[in-house]
Amino acid sequence: MFNQEVKIIDLPKIVDSRGNLSFLEGEVHIPFDIKRVYWIYDVPGGELRGGHSFKKQCEFIIALSGSFDVILDDGAVRNSFHMNRSYYGLFIPSGIWREMENFSTNSLAVVLASTFYDADDYIRNYEEYKLTKK
Ligand code: TYD
């Protein structure tokens, strides 16, 4: 159905002198149906989030405010994405190791997820993750 690769997706942006507006619809602008939304905020300077991959969950991360870096690792290559605009996001398919760091003061990261919360969907150990890629 959709190409399940890591990618930055530009969102609609309605520019208006009263203030800009962006939006997204599941399965229209991002390649999955949204089951859950969570957000990360009040991150103290220097803290790291993430450090896991998901067996099934896909996600889409937007910097609604401020900035942060998302580090992705597919078991072979690591890439860093600097997120600092609210009119695009990063699509991450399942099976990718993901870390988040370098949060600016007052940054707000929203994560749209394709699954309900399931602790068993996480792989939290990098060595274990690497083994799944063999
Ligand atoms: P976690 O996903 O480990 O955060 P991060 O990867 O950003 O460091 O989640 C932190 C805690 O919050 C963990 O105890 C599980 C809980 N949690 C939920 O209960 N529901 C959720 O939807 C999420 C994302 C986390």
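This is a predicted model: local features need pLDDT of at least 70, side-chain atom pairs count only at pLDDT 80 or more; totals for chains, interfaces and linings use all residues.

Residues are numbered from 1 along each chain as its sequence is written, and side-chain values use heavy atoms, with hydrogens and water left out.

Start at the ligand. Around it sit Arg 36, Tyr 38, Ile 40, Arg 49, Gly 50, His 52, Tyr 117, Tyr 122 and Arg 124, each with a heavy atom within 4 Å of the ligand. By class, that shell holds 4 nonpolar, 2 polar and 3 charged residues; here Ala, Val, Leu, Ile, Met, Phe, Trp, Tyr, Cys and Pro count as nonpolar, Asp, Glu, Lys and Arg as charged, and the others, Gly among them, as polar.

Now look at the polar contacts (pairs of N or O atoms within 3.5 Å). An N or O atom in the His 52 side chain is 2.5 Å from a ligand oxygen, and a polar side-chain atom of Arg 124 is 2.7 Å from a ligand oxygen. On its own the ligand has 530 Å² of accessible area, and the protein covers 62% of that (Shrake-Rupley method, 1.4 Å probe). Strand S4 (36–41) and strand S5 (49–54) are the elements that give two or more residues to the shell; strands are DSSP runs of E, at least two residues long, numbered from the N terminus.

Technical notes. A polar contact is a pair of N or O atoms within 3.5 Å; within protein, one must be able to donate a hydrogen and the other to accept it, and residues adjacent in sequence count only if both atoms are side-chain atoms. Helices (H or I, at least four residues) and strands (E, at least two) are DSSP runs, numbered from the N terminus.
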